2 protein chains.
Amino acid sequence: MSEIGVFPNAWAVIMAGGSGTRFWPASRRLRPKQLLPLAPGDDRSLLRATLERIAPLVPVERVLVVTSAALAEATAAELPELPRENLLAEPSGRNTAPCVGWAASHVRRRDPNGVLVVLPADHHIGVPDAYLAVLRRGLDAASHGAVVTVGIEPTRPETGYGYLEVGEAVGEQIHRARRFVEKPNRQRAEQFLAAGNFLWNSGVFFFRADTILDAIAAHLPGLGQQLRAYDVAAASGTEVALVEKTYDTLPSISIDHGVMEKVDEVLVVPGSFGWNDLGSWTTSWELAEHDAHGNALPQDAVVVDARGNFASVAPGKVVALVGVNDLVVVDTEDALLILPRSRAQDVRAVVEALKARKDERF
Amino acid sequence: MSEIGVFPNAWAVIMAGGSGTRFWPASRRLRPKQLLPLAPGDDRSLLRATLERIAPLVPVERVLVVTSAALAEATAAELPELPRENLLAEPSGRNTAPCVGWAASHVRRRDPNGVLVVLPADHHIGVPDAYLAVLRRGLDAASHGAVVTVGIEPTRPETGYGYLEVGEAVGEQIHRARRFVEKPNRQRAEQFLAAGNFLWNSGVFFFRADTILDAIAAHLPGLGQQLRAYDVAAASGTEVALVEKTYDTLPSISIDHGVMEKVDEVLVVPGSFGWNDLGSWTTSWELAEHDAHGNALPQDAVVVDARGNFASVAPGKVVALVGVNDLVVVDTEDALLILPRSRAQDVRAVVEALKARKDERF
């Protein structure tokens, strides 16, 4: 694939601040989803897999990882090859607009012609080559000044994602985005799937650093002003202290709502590369290899008349399932979770209950 | 309870050789049911609880524990107060007739007027005072030469136990047993329950040592002969070697079939003392305290919309159940079992599977 070489001036911004309660008990407050090896058959954390996946296009020296102050140490430990100045620790979570804006400021200081690809840290990509081709196309458009997003070709009437309505083509495999659509109800989701010109909003974006900072200044002027103050402080070595003092006054808004939906034109690159947002244990079951009865279990599991189950247990522990169907079973050193696959979202209720009683195991 | 004092010449024989695969993964080949604290709310092993329960009637110096050679060490460790000469290790399992006969030989050597109460090591007794009163009644009858058994007043048409048909009374709360009945089918079990004069065969027996040894000599002459050879060998200090060499030639037959059903008269003492044979994890659930939704779980469990479940996990581990009903969940360091309560007997299939692949975790 000669096309997939290092892209000039490309910078990757990996958003790695999530807490991922839906993967409890594997995930914990200080060991969230992106730091876990949740992709079946891959013993790397999702974050490391993200970093290594884009390496052909963006070397690690030009990768910024944004995480929370609480996770900074664990994140640095997970990615020892990442230059420490490339790790940005947010003092508090303010949604994605401040996160993207701050990272873009850093890029612009270091590379005035920098082009960003913004990536979630916790997605699974089934076909990395196709994924890299899509990123290259997005970076290419962004390097010419466009604001670009990746739209995933939908495979089902999913109500858990936002959608992009796709307009006319402006090039090969690149279109105008007609509008952003909030998570639809089932009926609308089915209409979108039938219509054929709606894609899932993947949360992957491209833009030049100066393009997005200009757009932030125009549409979120308070944030724009503060980011300029960070630039000034950086020049005198006092950025960290200023960020510490002011970050939680920044507007808590997503880059989608705050900026992307307001700029004149957004382009969308359609993608079909085995994308999965690993939203819950159900998706882990979906992605894993199954036995003849639809079970995704450790190799040495004992199965008697059991179907459609997912189990994750510590290596060396044997799990025995008799006469149970469609369960999720997750066993860690200090916690054991059992629930039907269809209720995987309800893990959050468990985490809330543990939080409420100040149980450190959440 | 002035009646419940030490009974003169009483000897208890606790049969503790069982393997208890139905309590896997808590039970293992070398850590069987009787060595585990399976009675809810009691952190003693079932064996220790048995020993301590009878202590008001039979002091430990007059308790014999019969187990397998493989379990001798673990059993001695569990009962350090038991004189070592009171622990009889069978080189192989030959059902209960040789076990009872050998123990009776030991008693007769040490106390020619000894009266035996034979007890399984793995039963749960809910009302110990009532139980001791029944044992006292049985010992009393046996001390006058009778062969006596305890019949449990049935509370359901159970098909998993043998029954005793009860005849005329021969004293207060003591009757002639008309016959032993094998495990019935459901229809017969319902007839027994309706008839009112059928009791469950508990496996608790009483007889003088000389009475049962005479009966063995009459009805199992081969065994009787070998037991006399053991007596002779014991006098010259060579019993262990002879037992080692000959034990697996003894007839493998139960004391019920081999002797009790053949003697002229068996008496039965009816008992109602919260008896439970702890036959499977289902009985553990039955005996445990339940929350308002029928769950028997550790105190710190997180329950969301879950009913009728039983869970046993290591202390300090939190179990979270969401939207699951009537499950048995047993978690140990190296194994995790999940199955519906109604299929608790099928644990044996799991143990067989592990045995078949020579997995040491059975």
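How many bridges join strand E13 (residues 310-312) of chain A to E15(A)?

Mentor: Three bridges join E13(A) to E15(A), and the two strands run parallel. This is a predicted model, in which local features need pLDDT of at least 70, side-chain atom pairs count only at pLDDT 80 or more, and totals for chains, interfaces and linings use all residues. Residues are numbered from 1 along each chain as its sequence is written, while chains are lettered from A and ligands numbered from 1 in the order in which they are written.

First, the terms for the strand itself. Helices (H or I, at least four residues) and strands (E, at least two) are DSSP runs, numbered from the N terminus. Two strands pair if DSSP finds at least two bridges between them.

A:Val328 has A:Leu339 of E16(A) as its bridge partner. A hairpin of three residues leads from E15(A) to E16(A).

Next, burial. A residue is buried if 20 or more other C-beta atoms lie within 10 Å of its own, exposed if 12 or fewer, and partly exposed in between, with C-beta atoms placed from the backbone. Five of the five residues of E15(A), residues 327-331, are buried, so the strand is largely enclosed by the rest of the structure. A:Leu327, A:Val329 and A:Asp331 point one way, A:Val328 and A:Val330 point the other way, and all are buried.

For another covered strand, look at E6 (residues 147-152) of chain A, where six of six residues are buried. A:Val147, A:Thr149 and A:Gly151 point one way from E6(A), and A:Val148, A:Val150 and A:Ile152 the other way. E6(A) pairs with strand E10 (residues 266-271) of chain A in the parallel sense over six bridges, and with strand E9 (residues 198-208) of chain A in the antiparallel sense over four bridges. A:Thr149 stands opposite A:Val268 in E10(A) and opposite A:Phe205 in E9(A).

For contrast, A:His293 lies in the loop between helix H10 (281-287) and strand E12 (302-304) of chain A. It has 13 C-beta neighbours inside 10 Å and therefore counts as partly exposed. Two residues are in contact if their C-beta atoms, placed from the backbone, lie within 7 Å. Leaving out residues up to four places away in sequence, A:His293 touches A:Ala306 and A:Arg307.

Now the second chain. 29 residues of chain B are in contact with 29 residues of chain A. The elements of chain B that give two or more residues to the side touching chain A are E12 (302-304), E14 (318-322), E15 (327-331), E16 (335-340) and helix H11 (347-356). E16(B) gives the most, with six residues. By class, this side of chain B has 20 nonpolar, two polar and seven charged residues; here Ala, Val, Leu, Ile, Met, Phe, Trp, Tyr, Cys and Pro count as nonpolar, Asp, Glu, Lys and Arg as charged, and the others, Gly among them, as polar.

Strand pairing also crosses between the chains: four bridges join strand E14 (residues 318-322) of chain A to E16(B), and these strands run parallel. A:Val319 stands opposite B:Leu336 there. Of the interface residues of chain B, 100% are also interface residues in chain A, so the copies meet through the same surface.

Chain B can be laid on chain A with an RMSD of 0.1 Å by a turn of 179° and a shift of 0.0 Å along the axis. The two copies are thus related as by a two-fold rotation axis. The superposition is by least squares on the C-alpha atoms of residues with pLDDT of at least 70 in both copies.

Last, chain A as a whole. It has eleven helices and 16 strands, and 46% of its 362 residues are buried. Its C-alpha trace spans about 65 × 45 × 40 Å along the principal axes.
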